[in-house]
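Biologist: I am new to this structure. Could you walk me through how to read its features?

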Amino acid sequence: MSAPKNERIFDPNASIVLVGCRGAGKRTLGFMGALHLRRRLVTEDHYFEKVTGLSRGEYLSLHGKDQFARQNIEVFKRMLDSNRQGCIIECGMSSFAEEAQDLLREFSKTHPIVYIHRERDQVSQLLNAADVDQLLKADEKHRGCSNLEYYNLYDESSCGPLSSSGTSSPVDGRQTSSKLLRAREDFTKFLDLVTGRGAKRAWIESPFSVKAIPPEFRSFSYALRLRLSYLVDMDLEWEDLEARADCIELIIDHWPDDLMNVVARQVALIRRKLDVPIIYHVEENPRGERRRLPEEKDMIDSELLELGLRLGVEYISLDLQRNEAFVNRVLQHRGRSKIIGNFWLLNMGAVPWLDDKQLEYYAKARDLGCDVVRIVRFCAADSSPETLEQFKKKLEEAFPDPKPPLVAYDFSVLGVRTPLQAKVLAPVKHPDIVNERDHLATVITAAHAIEGLFRQFLLEPLQFYVLGSNVSYSLNPAMQKAAYEFSGMPHTFRAVTCSTLDSLNQICLSDSFGGACLTTPFKVAIMPHLNVKSHHATAIGAVNVLLPLRGQTGTILDHANSRNKGGSAQSFFGDNTDWSSIVTCLRRAISPRNTVQPSKTTGLVIGAGGMARAAIYALIQLGCRNIFIYNRTAANAANVAAHFNDWAAKQGIANGSGIGSGNGGNQQNGTNNNNTPPPFATPAVSQVCHVLPSLLEPWPVGYQLPTMVISCVPATSSDGNAPADFEMPLDWLRSPTGGVVVELAYEPLITPLVAQMQALNNSRTNANGSNGSPPWAVVDGLEVVAEMAIEAFELMTGRPAPKRLMKEVGRRTWEQQQQRGYVPTSYYDIVQ
């Protein structure tokens, strides 16, 4: 039995079509997707007017209903035919017509067509209540003319002020969360999944990041089993499920009313709240549910698996013991979802592990193109744990590499026999969830399983550090220790003051060295001594995370899977998370109106030290090509600008055209109110970075006012003396769309710049009420430090970080330091 052709792999540049009813959010998502993928956005309404010279309403009034219907379909067909490559196409109400749906079905053979839908109550708020039932019923027909599906979950971030971290802050109103932030993150991740961009980009950017290595290729990984029957009436908060496993296995074991939409919503919730890969499993005979006839099973389960494929989940769990037609339908529509081929041996007297039938099961799954093979066997004390290990060795000898990873384990009525039987995708439970329907996850949590690995000496306790000339009061140890305890890892994390490469080398050469966060003076000084660096660290010219490489084969994957193990290091790997932490905070706070447009958006960096370098690189990675640097010592700013201009030139990165300014022009499109090109437009030049020589000068003509400002000025200078207070010139803060200020210092938390921004926001509100100018979102230094700690934890351990816990511990530790009256003595003590 060979694998059928995968019918849902499309040309990487094939246009993506969005369909759905009014109020589903197609236009907004289309705008977000076009910016993310750097594609043209084509809207049906605009295209109709472009072709006919009339709006829809005007054409209908002039030519009548019948002629309008014929013209509408003709324009619809032309829109698809003329925009087959490099576009996001947003369809209007024409997609409800049968002729249009026939065109879409044909187009879907070669292009992704995404059905967008959302919660009924959200659609009802936007439409006439009398029309909702009829419209939503007709809307479901879009499933028949599309090949992908996206559930546009309501975004609470559109409700008003919110902390970017979700934690309490002593700074009142320090941040206004950008509207539709989570919707943008969700949809862009969905596009990355269905276009195949996500995993490749994660590996290229940082091969040691958690998302760079799929769970089946990690040394150990765990799947948290969550049943639909529990989720529809869950008694925990979603935040309580964070970092409990490497992925979620969503088990469809319940058939509530409106089943397809209920399942689609749960997938959307898992993605938004937990941000981990999903294994999508449809249980054939769930406990506690009615028994179904074979024909009903095949029909309903096939539809449910098709839904999982349309939703673009990372893994589809497919039972290969079901009939051939059923299996082939799933394999033909697999798209970019990976297939886990299952064999459930659930009865007494199940085939023994050493029976050749087990090898036949594996061979069948491999021949069908399964990415992972899972064999689960009911055990009634008829097989020793060693027998399964003998089978694994037998399989290794029988099948040459490359071959799909094997997930195999015994279970009984008491649960999985031992969590160490399956090294990857082992089933685990949440400590506070009791589910009588599930035998496989009744015994152990991921944290307990990891503790067992240390007890068995498969993993080893290591020593981690934050190292630098003044790190005594770093927040990092408290955050890291809390994460270790949460994850079941007996590592230690210490702040050690040292200032020479010899002392650093002595620490790193220990067999128990696990990794380190580096501060001054090591970030730049260590660069020439590292054999392997991320390309980000090379571009920035600085490293802040150091990892030992202990892989035996020398491959990056082997090195990554040797984390949490001691021994002699072959070499060391350096990465930089300063820039990516800044990017994370900026993305959270940037509003859709200020989404980065390379030719227009302007960023401003205050300072010219190591963190300023990371800030500039963060802006470049966001797509900003007009970056200004201000520093009290202009020569230092010029040196940093020259470094990045030289690097950008070598990368072929050109700056924006400099079109647009904040003196009355339209900041979104670089035109004035008459839609004519601005007279102050300047031609493109080779420089990405520019130096501002003085705070007294007006903003440079020909460039928009900044919408992203990153302050890298220390709250205290390196010699312990208070630096000059820094505030922005008000003329530089007149962006008509507001913007984001990231303050890296947090001693005091309300720095002069933060106080200035709060006063500015308050004055705009008081003067103009709710209709005043858009406020500036302010991200404080604690937020950035927490993101650095989270990324460092994941890089150094390979485990998903308990982000909420680490942020809470970091802020609580800072508050305790304030009560003790601690005053930092250096900038790098502040930022770490």
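Modeller: A salt bridge here is a side-chain nitrogen of Lys or Arg within 4 Å of a carboxyl oxygen of Asp or Glu. Before we go on, this is a predicted model: local features need pLDDT of at least 70, side-chain atom pairs count only at pLDDT 80 or more, and totals for chains, interfaces and linings use all residues. Residues are numbered from 1 along each chain as its sequence is written, and side-chain values use heavy atoms, with hydrogens and water left out.

Biologist: Which parts does the pair of Arg56 and Asp45 tie together?

Modeller: Arg56 sits in helix α3 (residues 56–63) and Asp45 in helix α2 (residues 44–52), so the bridge ties parts eleven residues apart in sequence. Helices (H or I, at least four residues) and strands (E, at least two) are DSSP runs, numbered from the N terminus. Arg56 and Asp45 also belong to a network of salt bridges with Arg27, Glu44 and Glu90.

Biologist: Is Arg56 buried or exposed?

Modeller: Buried means under 20% relative accessible area, exposed over 50%, partly exposed in between (1.4 Å probe, protein chains only). Arg56 is buried, at 19%. Asp45 is partly exposed, at 39%.

Biologist: With which residue does Asp301 form a salt bridge?

Modeller: With Arg292; their closest N and O atoms are 2.9 Å apart. Asp301 is buried at 0%, and Arg292 is buried at 8%. The model's count comes to 47 salt bridges.

Biologist: Which residues touch the most other members of the largest nonpolar core?

Modeller: A nonpolar core is a set of buried Ala, Val, Leu, Ile, Met, Phe, Trp, Tyr and Cys residues joined through side-chain atoms within 4.5 Å. The largest has 125 residues, and Tyr222, Tyr280, Leu318 and Ile375 touch the most other members. Another core, of 45 residues, lies apart from it; Ile582 and Leu744 are among its members.

Biologist: And the backbone?

Modeller: Most residues other than glycine have a negative phi, and most peptide bonds are trans. Here, a cis peptide bond joins Asp401 and Pro402, with omega about -5°. Pro402 is in the loop between α15 (385–398) and β12 (406–412). The bond from Thr520 to Pro521 is also cis, with omega near 15°.

Biologist: Which phi does Phe457 have?

Modeller: A positive one, about 65°, although Phe457 is not a glycine. Phe457 is exposed, at 70% relative accessible area.
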